[in-house]
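This report is meant for a reader who is new to the structure shown below.

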Amino acid sequence: MRAWQQQRQRASGIWDRARLRRSALAYLARYAAPAAHVRHILQRRLERGAARGDEIRAGEEDIDAVLVDLARMGLIDDRAWAEAQARALRRRGTSARGLAARLSSKGLARAETERLLVDEDDEAELKAAQMLARRRRLGPWRAPSTRAARRDKDLAAMARAGFGLQLARRVIDADQPPEVGDVDQ
């Protein structure tokens, strides 16, 4: 029997609260995630186990109990996760719209997403737009010989990323790139 077949055999069996906890801990050891996303992962694993014919002794109340335990231990903290994600995404040049979409896709509550975005100002959005343009070599970061011909495409790229037209024009039409110190690395 091959190694992957043995692993698959070991993976089948009984799904109870202890196994859900081990599964959640294994996931959280690799990835930080909000409670809603961990809940989705655990539900999906139960469904796959049932499809394989495993014995399912756990239900929604067991998933809830595991999530409460993990939150009590500090392994799941939606607010800290959201703040870390917001910082990382902003450094990459993600717009406020893109940030909200990404956080909500992971199951973060709308109120928490709005709280994060209320704390930000227009300067943060400008810096994010500049980071995106710099990373993708748009506007002032483009070769001068092709800049005018590619202006509309650069504006479209900024719009697809979720930036408003006025801000996109401000970044793309800048005479020269901002100083390196002006845009956070």
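## The end of helix H4

Just after H4, Gly 74 takes a positive phi of about 90 degrees. Helices here are DSSP runs of H or I with at least four residues, numbered from the N terminus. The model is a predicted one, in which local features need pLDDT of at least 70 and side-chain atom pairs count only at pLDDT 80 or more, while totals for chains, interfaces and linings use all residues. Residues are numbered from 1 along each chain as its sequence is written, and side-chain values use heavy atoms, with hydrogens and water left out.

Met 73 lies in the loop that runs between helix H4 (60-72) and helix H5 (78-92). With a relative accessible area of 42%, Met 73 is partly exposed, a class that falls between buried (under 20% relative accessible area) and exposed (over 50%), as judged with a 1.4 Å probe and protein chains only. Together with Leu 25 and Leu 75, Met 73 forms a nonpolar patch on the surface, and the three have about 250 Å² of accessible area together. Such areas come from the Shrake-Rupley method with a 1.4 Å probe, and for residues only the protein chains shown count as cover. Patches are made of residues with over 30% relative accessible area and no salt bridge, where nonpolar side chains (Val, Leu, Ile, Met, Phe, Trp, Tyr) are joined within 5 Å and like charges within 9 Å.

The buried residues of H4 are Asp 62, Ile 63, Ala 65, Val 66, Leu 67 and Leu 70, and they pack against H2 and helix H3 (35-52).

In H2, the buried residues are Arg 19, Leu 20, Ser 23, Ala 24, Tyr 27 and Leu 28. As background, an α-helix has 3.6 residues a turn, so residues three or four places apart point the same way.

A search of the whole structure finds 15 salt bridges, each being a side-chain nitrogen of Lys or Arg within 4 Å of a carboxyl oxygen of Asp or Glu. Arg 79 forms one of them with Glu 112, with the closest N and O atoms 3.4 Å apart. Because Arg 79 lies in helix H5 and Glu 112 in helix H7 (residues 110-118), this pair ties together parts that are 33 residues apart in sequence. Arg 79 is partly exposed, at a relative accessible area of 43%, whereas Glu 112 is buried, at 14%.

Glu 83 and Arg 115 also meet through their side chains in a salt bridge (3.1 Å, N to O), and this pair links distant parts of the chain, since Glu 83 is in helix H5 and Arg 115 in helix H7, 32 residues apart. Glu 83 counts as partly exposed at 28% relative accessibility, and Arg 115 is partly exposed with a relative accessible area of 23%. Arg 79, Glu 83, Glu 112 and Arg 115 are linked in a network of salt bridges. Another salt bridge joins the side chains of Arg 90 and Glu 125 (2.8 Å, N to O); Arg 90 lies in helix H5 and Glu 125 in helix H8 (residues 122-136), so the pair ties together parts that are 35 residues apart in sequence. Arg 90 counts as buried at 11% relative accessibility, and Glu 125 is buried with a relative accessible area of 15%.

## Leu 116 in helix H7

Leu 116 is found in helix H7 and is buried, with a relative accessible area of 9%. Leaving aside residues up to four places away in sequence, Leu 116 touches Ala 82, Glu 83, Ala 86 and Leu 103, where contact means heavy atoms within 4.5 Å.

## Points for caution

Arg 137 has a positive phi of about 55 degrees although it is not a glycine. Most residues other than glycine have a negative phi. Arg 137 is placed in the loop between H8 and helix H9 (144-147) and is exposed, with a relative accessible area of 55%.

The mean pLDDT of the protein chain is 88, and 90% of its residues reach 70 or more; pLDDT is the predictor's confidence in each residue, from 0 to 100. Over residues 180-185, however, pLDDT stays under 50, and the model has eleven contacts beyond four places in sequence for these residues.

Conventions: Helices (H or I, at least four residues) and strands (E, at least two) are DSSP runs, numbered from the N terminus.
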